[in-house]
Amino acid sequence: MPKVDPTKHILVPKHSKLSEAEQKKLFDKHNINFNDLPIILASDPAITHLKLVKGDVVKIDRDSPTAGKSEYFRGVQ
Amino acid sequence: MVESLVKEYTGKLPVKLLGELKDKLTAQKINKTRAKKIFETTLQEYLDAQVAPGEAVGIIAAESIGEPGTQMTLNTFHFAGVSEMNVTTGLPRIIEVFDGRKNIATPMMDVYLKAPYNKGKDIRKLALLIKQSTLQDIIKEVNTDLMNGKIEVEILSAKLDDHGLAQAQLKKILEKGLKGVNVKIDGSLITLAPSSKESNLNDLYKLKEKLKKIHMSGLKGVTHVLPVKRDEEFVIMTAGSKLKEVLELEFVDETRTVSNDIYEIAENLGIEAARTAVMNEVFKVINAQGLTIDERHIVLVADMMCVTGGIKGITRYGIVSEKASVLARASFETPIKHLISAALTGEEDYLNSVVENVMINQPIPTGTGMPKLSTK
């Protein structure tokens, strides 16, 4: 049976890992810390290929019906 | 010239607005200063249109969804062509989605197919491969031979082929499904005899009933399949949802096939896909009812439901249970339960949010109540 790749599905937006510097920039910009971020589980099928651990931040490039494109961030738990 | 302006305003204005400006301005052939002025005005308007910090967006979303909700009908409509199968739509469906129910009333899938098959090649056969089928679907006749204590089943060979099964496979399935029974296949005739000597008539009748319900092929739980033509290609609509198993099938387009079961999507495609699915499901109902609700309200609710990495419905077990304040939780449903458990565990309430401050008659921290005086 072929292995299904969830990242290719139309419902799944692009997930990418934020570097340390980008994380700091994000936190400083909004004056927040890691625990204020929405959560994504490390076992989430859309990020298993990124091999993330707890404490990483995922950037999600969503298609927005109003703005065209929008960015969203989730902390890996 | 417009391109350089677009570059300058990237990051300040959303992509969609920039695209619109670019299209309109290049067609108009405007000089640079006027174009610049237009961009400036657009940015100003955009900033003015943004929601102010401290605005009670949740209440606005609740009212904006709730009011059209009063006009929704409660009807269900029939699954095209199959009368015994209803599809939940309207208000019940909205409630189902927002509550984050695990067992929805009518699970369905839209199965898209890969290249040669989506033009209608073997469409009926593929549909049958997905549909759950039992032995009953392919038999012509069942005879009980009381004298010799056996059951003879006559099968329709053509139907067996339709399900993509060979006789040897059928034998294996039957032997696995019926323990302690000798299976013999001769052409289109299956002979079944209990292997133990002291079997009586009662056992034989039980066997006969059990026999019909043996699962042969397809996905368990998919009770109906219906190939339909949608925009130049064939799609198989199903009643019953098994997203994981369907995506693994060879002829299925695993990039477009969707279910209407939000939990299945979250499990197999992740939380972001589930969020999109919540939005899509709600929009589907709203559009079918001919109502208009701004996308932003639905987006807010969908975001809220998916903020913890799993799906949380708008119920006392879902997102309301996540609230930090005891009083806020108690104000929603089952107040006594919350207050007692809070008292037993010695919970504290810092009165940081809206409901608890309304209760004790203090200014609420939204809008103009949000800023506080601080000294440094």
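A salt bridge here is a side-chain nitrogen of Lys or Arg within 4 Å of a carboxyl oxygen of Asp or Glu. Between chain A and chain B there are three of them. Before you click on, note that this is a predicted model, where local features need pLDDT of at least 70, side-chain atom pairs count only at pLDDT 80 or more, and totals for chains, interfaces and linings use all residues. Side-chain values use heavy atoms, with hydrogens and water left out, residues are numbered from 1 along each chain as its sequence is written, and chains are lettered from A in the order in which they are written.

Select A:Arg62 and B:Asp303: this pair forms a salt bridge, with the closest N and O atoms 3.1 Å apart.

Next, colour the strands (DSSP runs of E, at least two residues, numbered from the N terminus). On the side of chain A that touches chain B, strands E2 (39-40), E3 (57-64) and E4 (68-76) of chain A each give two or more residues. E4(A) has the largest share, four residues.

Now show both sides together. In contact (heavy atoms within 4.5 Å) are 27 residues of chain A and 29 residues of chain B.

Last stop: helix H12 of chain B, residues 271-288, where a helix is a DSSP run of H or I, at least four residues. What follows H12(B)? Pick B:Gly290, whose phi is positive, near 70 degrees. As for cover, 13 of the 18 residues of H12(B) are buried, meaning under 20% relative accessible area (1.4 Å probe, protein chains only).

Conventions. The expected span of a helix is 1.5 Å times one less than its number of residues. Buried means under 20% relative accessible area, exposed over 50%, partly exposed in between (1.4 Å probe, protein chains only).
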